[in-house]
Amino acid sequence: MERLRWVQQCCRQLLAGDSRRGWYSDGLPTSSLLNTHSPRGRVCGKQRTVFPRNGRHQQDYERVSRNYKSNAISTTKYTFLTFIPMNLFEQFHRAANLYFLFLTLLNWVPVVEAFQKEITMIPLLLVLIIIAIKDALEDFRRYLFDKKVNNNVVRVFCGTQKSYVDQCWKNVQVGDFVHLSCNEIIPADMLLLYSSDPHGVCYIETANLDGETNLKQRQVVSDFPLQGEEFTPESFHSRIECENPNNDLSRFRGYMEHSNGVRVGLHSGNLLLRSCTIRNTETVVGIVVYAGHETKAMMNNSGPRYKRSKLEKHLNTDILWCVVLLFVMCLTAAIGHGLWMNSFKESIFQVDTETPPALAGFYIFWTMVIVLQVLIPISLYVSIEIVKLGQIYFIHNDLSLYNKQLDSRIQCRALNITEDLGQIQYLFSDKTGTLTENKMVFRRCSIFGVEYPHEENARRLEVYESENTETAVCSVTLKSGYSGKSLSCRSLSCNRSSVSLHTLTAEPMEEDQLSGHVQPRTGAFCSRMAKEVVPDPALGRKLNWLTNHSSSETPSSMELTYITDFFLALAICNSVVVSSPNQPRHVIPEERTPLKSLEEVKLMFQRFSFSPFSALSPSQIKGSPHSLKSRLFIRGKRGSLTLSTPVSNTTDVSSSSQENDSKPDLSAREEEEQDVEDQETEDDLKDTQTNPDEARQSMQDLTKQVEEITDELVYEAESPDEAALVHAARAYRCTLRGRSAESLLVDLPGIGSLAIQLLHILPFDSNRKRMSVVVRHPLTGQVVVFTKGADSVIMDLAESPTDQTEVYSHIKEKTQKHLDAYAREGLRTLCIAKKVLKEDEYDLWLKAHMLAESSIENREELLLESAQRLETNLTLLGSHCSSDLNHSISELKYQHLKRMRVFSGTTGIVDRLQEEVPETIAALQRAGIKVWVLTGDKQETAINIAYACKLLCASDKLLTANCGSKDACAALFEDLILEVQGGESLTALTGNGESMSSSFILVIDGRTLGWALEDELRSNFLELSRRCKAVICCRSTPLQKSQVVQLIRDHLGVMTLAVGDGANDVSMIQVADVGIGISGQEGMQAVMSSDFAISRFKHLSKLLLVHGHWCYSRLANMIQYFIYKNVMYVNLLFWYQFFCGFSGSVMTNSWVLILFNLIFTSAPPLIYGILNQDLPADALMELPELYQDAQTSKTFVPYMFWITVLDAFYQSLVCFFVPYFAYAGSDVGVLSFGSPINASALFIILLHQVIESNTLTWIHMVVLVLSCTSYFGFVLLLSGFCVTCSPPVNPLGIELLQMSHSLFYITCVLTTVAALLPRYAHTHTHCRNSCTGSVFPLGALYNSLIIKSFTLTTPGDANVVITDTAIH
Amino acid sequence: MMASSYNAKEEDGHHSGASSGTGLSKNKKPDNTAFKQQRLPAWQPILTAGSVLPAFFVIGLIFIPIGIGLYVTSNNIKEFEIDYTGVSSDSPCYNCAKNFTWNTTEPCVCTVNFTLLQPFESNVFMYYGLSNFYQNHRRYVKSRDDRQLNGDLSALTDPSKECEPYRKSGDVSIAPCGAIANSLFNDTLVLYYVDSNNSKIEVPLVKKGIAWWTDKHVKFRNPAGNSNLTLAFRDTAKPVNWAKPVYELDPSDPDNNGFINEDFIVWMRTAALPTFRKLYRIIQKKSGTTPTLPNGNYMLNITYNYPVLSFDGRKRMILSTISWMGGKNPFLGIAYITVGSICFFLGVVLLIIHHKYDNRNTSADIPS
């Protein structure tokens, strides 16, 4: 797409012959097509120029901003005036409506006119009005909402008054300066120009936008000269160039040109997005760049999704058959009329005078189209939508799909595919967060090739789990309030603590129950379980050595280095935001920093002799006086806890300060002693310190103490892994205390608080599968890159260093072994690596990186490239240093850069299964749904999880497909297919249930999957996977996930369902027939793109097995009933044609005729479609096999359609001819003859429904009675008062007289009984045969079924039996 | 379309905190009511043997007696029917039928003799019957103006377009307009009883009370404002086929003249089927035990005005008594008996299957 646009753009440029005119030239309005190419010629896309609206650039401003939208929004589709024409226009896009419009018009042609002109309009009008009313209500609601939003007040800078004045949102313009306070909502997309935070940082909560609840950091435009001081809009003279509005939330590119010509690059980190909330920052000022509908929030605002369900597609063929039927009937009538006319010598009955029979027949054809129009069910589409609304209402209200912890119900986003839930054949599931909790808990780690099993930790987790089950706290999750609405209203109240609200409500039960804390304090992704990591004794001892040299066991200095680096990396290599629940972060208590004299400071730095103070260039220090300050006071130890940390409150502080008071002298003295020794250690971590008090303490005490001190911290992480690792690091007293844009504050054991200068964060991305931070090491002053990523990436890129090969290959080998072991345990593994950069290399890289950062176009690509460069090439030839784990071939051109990379270690993080996952998967498999697991995880992890969730059982045969090449892959597939076929034929030979148990499971990795998805191997892959019970795809990319789903969906023609929770599942969710998002820990992208959003995996079973089954059977049966009803009723009219010379007469008043289907018999099918339960919910849950019946569309197969039509024919025959014979030859009038026919048709249609219904509640009864009374009320009214109201045939007195005759009742009873007899007998015997029937009450039935399935050895065999007996 | 946004308000995405209120306090937990959780007590109509089998038997047991009753009743009804169209050459009306067209001015009279074998007790209804006459033809049925017939003065002079081509004769509008009125049945039937000494005694035929009460008193009204019908209809023309104008339909009785002439009203109620009968006269039961129509010979005197041969029609005269269930009709009785028997039979068959299945089911469970 992008590329295409680029090409187009280039073509235009060529045509215009104006290739030199860059878009950097001044003041180009947006309208031009030619104004968009960068000097480099690569950058395309339109851009906008924004001038500040502070009164000083009035001319420029007006010239440029004329075409920019204001901030007023209008989400309404119609205005008051355009409603009727536009709504009608939209409605007539539907074929059915057009058809009926055609009929209405046809009725105006005199020769074919069948009814009065008004009457044929009724159905159409009714449908149009219903939908118009609905549309109008919706639009009105939107209008009210818009009005409310538009009239919100915000403070905007006014150029004439030179101050901020209150203005409504709708009056905000592009270029306005907006002043916002904490907890205010951002009215438009704006660039952050000023933040009260000294680092120019501001935090926003994007819950309204994407539902993610962790705070995001935004930064004042870099190098903004006014930073730190009070911002004055008058003095702002810069011009902003940025790209034109688009809907990419994470992308923003542009630059700001100051009046002196200096350009500053802008990126999405500078952009405050509309409808996010300012958090933890006292005041911010920004300049609006996009307003109103051009904001990213609004451009992302797409309504609910529309999908066409399979059933609806099927329905169309049935409707087509109805049309064919109609055509046949009309043709019969036309020919019949022609023949009939032909048989008369003279003009007959003094009406038709001169029309030739053929022409008359032609006319009659069209007349009959009008007369029999009811056959095409216009109201069916409306009814289906009403029914689906009802079904959704019930799904939405299901108590068992409600999650108490999250206080969330199921969210139905796609409203018209409920019945697809009942036909799922393939289920594609993500693993992390879907099958598992996605609540990561640090479990164990391996550093320097030494494994630390953390057995205590494991025990704790077990205890935790058992505690959980005992107390029936099924799950503890964060309140990730995705309902933006409730959030936003809460966030309006400014007086509450600035911490994200979810942290207040998170897991109160757990907290109360376990720790008795009254005030729960957690951050995003930190369950209590994740927070409490019990340190491994061995590792603890080694760490302790740092603080206590007297320890007997002395690890090698290198190992120590590794360990410290490892924990440092854990603590800082992330994007975790630290907040304190008690105090807004924007109040940073710098004033309280205990300042010491400069001399003291210098002295201290001299002690760190390994890292000369002078080595730090002024520019590096310049940006963060704060970090310098903290650097100065790193020796202040715990006293520094109060230094520039958010923790400055309550008892903990006082306790720590008490501690401080107790031993300042002691520690100061010891420091001096210690520091001399430190110089010997040549690696980066030499600063150790002894504290006799601490040394005496046991590990437990230590941990406890640390926790006490740091408990105040709340980590808000983007992913649960990060949170888990940060907490793990904290358990070893390596605590992340605070973060600003340019520095990190970390407590290190034995060192105390360190401010680390943060140079860059190269964020995680799924292509690189890793993230890095570039920091200046606080102790060595070197530029260090910490990389954390998937083991495959890090290990693959690792290369044996040249020098100390043995040692490091040994470490690597051991680590790899540990990695495999972790994976087998089902742990998620992450590797941590480090490397050190030389200054010149860093400078080189930095230059390129800056270039990438400031480029408007392709910024992402360039940044990615830049990141890869940093992460790979620098370590590529790490020859001089032994401790390298280096990277592969990728970018040889950077060979001249030599650096070392230290492989620090690997972590294992446990991710527990969600509750009832094995049961759910078992149920789904019993229901005949093939469950596939598509995960990005390692193969071992995936298999392990698959075992854990009973997707695999011990007897299953595992087919593993890991191929190195495509040819090998092809050969392997052939082999595997043979093997599977062999297994199957074996099964066939033995022929009994036992062999069914050993089924095949295919495990395929991402690379092989890539080949399998190619054209040549595709069919083999399909063949193979079709025969397997389950397929596990590991190491798969998001794209592969969606390709797999698409392949299965398109080539096997089955219904697919994809379920996932993260952004990487979005494509899969969108491709599948039904996409289900799990609103869990990883933001809301999956939910936003899903059709249904649930909060736990276990909800799937109820959703599919019960609601899916019901919705499908209800809808399928309702559609059939609808067709039956129409065919039956229309045939009555058709039979009459044989007795009126095919002249298109009807024996009913036309009002009754039209309203019969539209009103009198319309409500019961709706109720049926919403409320019917063909089987009770518990039966469906306990016998998932029942689900299979809908899967193969048994209820709605073509022959059922024809059976229904035949039954309708029979019933209409009875319904017509019984009255016919009863009244034949008598003096009955046209309408009098129609009266018993209509009445019995009503009874037949209603009772047919009763027979078809499986459950009848009082609602059914009420509706049935209402239907009857409305019909009889209507006809009686008509017959009582309609003297000349319905020309030409007035029904006056007809029903009154008819109903006073006993013959009427005699006929009606006979007709009804005779018509329904076959259906009644059939349904009865049908049920009997299926043994759900009359013999037992249903409860006894399925009890007996359950007994059966237990007595049989395998579920597979039970399938067969139950399919035979229950599903017939 | 209908379903476009059930919970769209939660998803609009731009609710920038505009709502104020109760988000926090309100729990999203669904109500645990029987309705919302779909646990309403329900009756399962067909799933229990207890309700199905008895239903068959009950229907059978009720229908058969009713059928017998209907059959007997229908058999007790006496009905006599005679075709006087005059198709065959030996028919007394052969000549009339052959020569008569709508344009004939001279009335043709013919006489049909018949014999009643059984006496007709109680009131006897005299019908004329027409066959192959499609009074239910769509355009024929419409060809009338109810407002005109209801006495609406404006419709009298300006009838509805539906009446075409019998709306106006020249410039003068036709009253009553339309094809139905134009084709009014105008044979006159007079019934004589021929007693044993061959003298003809005219049977008294009552011509009032044959139309529906609502038709006579509500639906059909003479034009208001003038008691003199001749004057009331002075601006109108007679229908083309009529020999005399509407105000001369029954000059003897002002209450049966004009639009409220009962023969006219009966004709205007179009028949549902191409073979139909319409009530012509009523023969009131005489007091005492003497039958209304004793058995014996009768003579039907027909003034043959109505041509039917052009469309292969037939004309009949029917004499019939009626019962509580209407006229003679053996069909209903037979149908009831048949349906009842089928039900009963089905019930028995199902009962047998049920028993067999029951045994099989219980025995099958144990060994497997």
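This is a predicted model: local features need pLDDT of at least 70, side-chain atom pairs count only at pLDDT 80 or more; totals for chains, interfaces and linings use all residues.

Trainee: At what distance from the ring centre does B:Lys315 lie over the face of B:Tyr304?
Mentor: The cut-off for the distance is within 6 Å. B:Lys315 lies over the face of B:Tyr304, and its distance from the ring centre is 3.4 Å.

Trainee: How are the rings of B:Phe114 and B:Tyr298 arranged, and how far apart are the two residues in sequence?
Mentor: The ring centres are 5.6 Å apart, with 15° between the planes. Planes under 30 degrees apart count as stacked, and this pair is stacked. B:Phe114 lies in strand β2 (residues 108-116) of chain B, and B:Tyr298 in strand β10 (residues 296-304) of chain B. The pair therefore ties together parts whose separation in sequence is 184 residues.

Trainee: Are B:Phe114 and B:Tyr298 buried or exposed?
Mentor: Buried means under 20% relative accessible area. B:Phe114 has 5%. B:Tyr298 has 1%. So both count as buried.

Trainee: How many aromatic pairs does a search of the whole structure find?
Mentor: The search runs over all chains. Rings pair if their centres lie within 6.5 Å. The total is 70.

Trainee: What kind of pair do A:Phe1201 and A:Trp1202 form?
Mentor: Their ring centres are 4.8 Å apart. A:Phe1201 is buried at 5% relative accessible area, while A:Trp1202 is partly exposed at 33%. The planes stand at 80°, so the pair is edge-to-face.

Trainee: Which residue of chain B belongs to the aromatic cluster with A:Tyr1136 and A:Phe1139?
Mentor: The cluster also includes A:Phe1216, A:Phe1217, A:Tyr1220 and A:Phe1221.

Trainee: Where does UniProt place the feature "transmembrane region" in chain B, and what is the end-to-end C-alpha distance over residues 331-353?
Mentor: The unreviewed UniProt entry places the feature at residues 46-72 and 331-353 of chain B. In the model, residues 331-353 are 100% helix and 0% strand. Their end C-alpha atoms are separated by 32 Å.

Trainee: What share of chain B is buried?
Mentor: Chain B has eleven helices and eleven strands. Its length is 368 residues. The buried share is 51%.

Trainee: And what share of chain A is buried?
Mentor: Chain A holds 49 helices and 33 strands. It has 1368 residues. Buried residues make up 64%.

Trainee: Which strands are at the edges of the nine-stranded open sheet in chain A?
Mentor: The order is β14-β33-β32-β31-β15-β27-β30-β29-β28 (chain A), with mixed pairing. An edge strand pairs on one side only. The edges are β14 (411-412) and β28 (957-961) of chain A.

Trainee: Which residue stands opposite A:Phe428?
Mentor: Strand β15 (residues 426-429) of chain A pairs with strand β27 (residues 930-934) of chain A. The pairing is parallel, over four bridges. In β27(A), the residue opposite A:Phe428 is A:Trp932.

Trainee: Which residue in β8(A) stands opposite A:Gln47?
Mentor: In strand β1 (residues 47-50) of chain A, A:Gln47 and A:Thr49 point one way, A:Arg48 and A:Val50 the other, and all are buried. Four bridges join β1(A) to strand β8 (residues 239-243) of chain A, and the two run antiparallel. Opposite A:Gln47 stands A:Glu243.

Trainee: Leaving aside neighbours within four places in sequence, which residues are in contact with A:Ile319?
Mentor: A:Ile319 is in helix α8 (residues 310-342) of chain A and is buried at 11% relative accessible area. Its C-alpha atom is 7.0 Å from that of A:Ile376, 57 residues apart along the chain. The contacts are A:Pro377, A:Leu380 and A:Tyr381.

Conventions
Residues are numbered from 1 along each chain as its sequence is written. Chains are lettered from A and ligands numbered from 1 in the order in which they are written. Side-chain values use heavy atoms; hydrogens and water are left out. Buried means under 20% relative accessible area, exposed over 50%, partly exposed in between (1.4 Å probe, protein chains only). Two strands pair if DSSP finds at least two bridges between them. Rings of Phe, Tyr and Trp (its six-membered ring) pair if their centres lie within 6.5 Å; planes under 30 degrees apart count as stacked, over 60 as edge-to-face and the rest as tilted. A charge sits over a ring if NZ of Lys or CZ of Arg is within 6 Å of the ring centre and within 35 degrees of the ring normal. UniProt positions are given in the numbering used here, feature names are shortened, and annotations may be inferred rather than shown by experiment. Contact means heavy atoms within 4.5 Å.
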